[in-house]
Amino acid sequence: MITKEIDLAVELLQKNEIVAIPTETVYGLAGNAYNQKAIQKIFEAKNRPQYDPLIVHTYSLDNAKDFVTSIPSIFYELANIFSPGALTFLLPKKNIIPDIVTSHLPTVAVRIPNHSLTLSLLKKLDFPLAAPSANPFGYISPTTAQHVEAQLGDKIPLILDGGACEIGVESTIIGEKNGQITIFRYGGVSKEDLEAWTGQIIQAQISSSNPTAPGQLESHYAPEKKMYFIKRNDIEIQNNTIHLKNFDVFDINEVGFLGFDEYLEKIPRENQIILAENGNIQLAAQRLFGAMRELDKKNIKIIITFGVPTYQIGLAINDRLQRASTYLQ
Ligand code: TXA
Ligand code: MG
């Protein structure tokens, strides 16, 4: 069954069609990274602006030599530990990668996804797969095949169902200069782990206004409902209303809450989702995007969140919550 599906995916991708693929982070919308027409289809299906470059997926870092000019030794060391996995390497590209993939940047983002189905697919192809997350541009990333189907089902010929994504937030994007690593997007591999393995203090260059600093455009990963990422002290609950400091007043029945490990008093329980009652930060990441989608469907006007603790994958969770929010803390 699965083998048949993989063979069908191979066939479609060879014809420069696009296919949704599972990874351990989020689902991707994949096409032949060497073929401009295939890439064009990805941008069209997602309604993605061309200034936002794509990540190219392959099955080993060494294999990336086909399409990058050099690989720093520290990346090999990191790949030994974290690949396949939620770590994306920025590398100088060869001309075989069309400019449309990298939005004319001289570097290409490379990742080895840790999902058996997608790894077997990659091994059957003689080209790598460019794949952004499989959601309409700006909306919440998909962590199940059903999420992909709900929004892009009519635009793509095949969705490979590999189950729910284990990690639940996108990969960490890193660059290298003179042996020093910089994080450009927080993600599945934590800053703490990178620091522990490299012995470096690692800087993060996360920007929301500069599209050459990866993935960090404003209003990203956002539900349709207005989301407020605020502090507990910035709200006051009186009788049946909730007052947001400097903002509006809502009836408590109009408010949804996305919590880490605790419910918010007074808000109806059916309008609250707690990511990890046991306080497990990995579990919170795994459930994040699904929870945002669920709240988005409820009969409420706004979603409030206080974020999660700021360690390990919590940095990536808070980054996504901030980008999803109309009003930041
Ligand atoms: O976990 C992931 O990384 C998922 C799965 C499908 O692999 N992919 C993903 O792709 O999150 P996407 O397109 O949603 O986000 C990729 C981000 C883009 O926002 C882009 O700005 C950044 O990576 N990026 C890609 N190439 C880059 C480059 N050459 N330089 C800087 N940033 C780059
Ligand atoms: Mg994305």
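This is a predicted model: local features need pLDDT of at least 70, side-chain atom pairs count only at pLDDT 80 or more; totals for chains, interfaces and linings use all residues.
What covers the buried residues of H9?

Residues are numbered from 1 along each chain as its sequence is written, chains are lettered from A and ligands numbered from 1 in the order in which they are written, and side-chain values use heavy atoms, with hydrogens and water left out.

1. **Helix H9.** The cover over the buried residues of H9 includes E9, strand E11 (226-229), strand E15 (255-259), helix H8 (281-297) and strand E17 (302-305). Helices (H or I, at least four residues) and strands (E, at least two) are DSSP runs, numbered from the N terminus. H9 spans residues 314-324 and is mostly covered, with nine of its 11 residues buried. Buried means under 20% relative accessible area, exposed over 50%, and partly exposed in between (1.4 Å probe, protein chains only). Among the buried residues of H9 are Asn-318, Asp-319, Arg-320 and Arg-323. Gly-314, Ile-317 and Leu-321 are also buried there.

2. **H8 against H9.** These two helices pack at an angle of about 20°, with their axes 9 Å apart. Axes are lines fitted to C-alpha atoms, for helices over the stretch in contact, and angles run from 0 to 180 degrees between N-to-C directions. The angle makes H8 roughly parallel to H9. The cut-offs are under 35 degrees for roughly parallel, over 145 for roughly antiparallel, 65 to 115 for roughly perpendicular, and oblique for the rest. The crossing of H8 and H9 is left-handed. That term applies if the near helix is turned anticlockwise from the far one by less than a right angle; clockwise is right-handed.

3. **The H8-H9 contact.** From H8 come Ile-281, Ala-284, Ala-285, Leu-288, Phe-289 and Met-292. They meet Gly-314, Ile-317, Arg-320, Leu-321 and Ala-324 in H9. The residues of this contact divide into nine nonpolar, one polar and one charged. Ala, Val, Leu, Ile, Met, Phe, Trp, Tyr, Cys and Pro count as nonpolar, Asp, Glu, Lys and Arg as charged, and the others, Gly among them, as polar. Contact means heavy atoms within 4.5 Å.

4. **H3 against H7.** Helix H3 (residues 73-82) and helix H7 (residues 191-198) have axes that come within 11 Å and cross at roughly 120°. H3 is therefore oblique to H7. H3 passes H7 in a right-handed crossing. Ile-74, Leu-78, Ile-81 and Phe-82 in H3 meet Asp-193, Leu-194, Trp-197 and Thr-198 in H7. Six of the contact residues are nonpolar, one is polar and one is charged.

5. **The sheet of 10 strands.** This open sheet runs in the order E7-E1-E2-E6-E3-E5-E4-E8-E9-E10, with mixed pairing. Two strands pair if DSSP finds at least two bridges between them. The edges are strand E7 (158-159) and strand E10 (203-204), each pairing on one side only. Strand E3 (residues 55-57) and strand E5 (residues 107-111) run parallel, joined by three bridges. There, His-57 has Arg-111 in E5 as its bridge partner.

6. **Strand E9 and its partners.** E9 (residues 180-185) is mostly covered, with five of its six residues buried. Five bridges join E9 to strand E8 (residues 172-177), and the two run antiparallel. Gly-175 stands opposite Thr-182 in E9. The E8-E9 hairpin has two residues between the strands, and Asn-178 takes a positive phi near 50°. E9 also pairs with E10, in the parallel sense over two bridges. Thr-182 stands opposite Gln-203 in E10.

7. **The sheet of three strands.** This open sheet has the order E12-E13-E14, with antiparallel pairing. Strand E12 (235-238) and strand E14 (249-251) each have a single partner strand, so one side of each is left without a neighbour in the sheet. The twist averages 20° from one strand to the next. Four bridges join E12 to strand E13 (residues 241-244). Glu-236 stands opposite His-243 in E13.

8. **Ile-167.** This residue lies in the loop between E7 and E8. Ile-167 counts as buried because its relative accessibility is 18%. Ile-167 and Gly-85 are 82 residues apart along the chain, and their C-alpha atoms are separated by 9.7 Å. Beyond neighbours within four places in sequence, the contacts of Ile-167 include Glu-24, Thr-25, Ala-86, Gly-188 and Ile-313. Ala-285, which belongs to the H8 side of the contact with H9, is also in contact with Ile-167.
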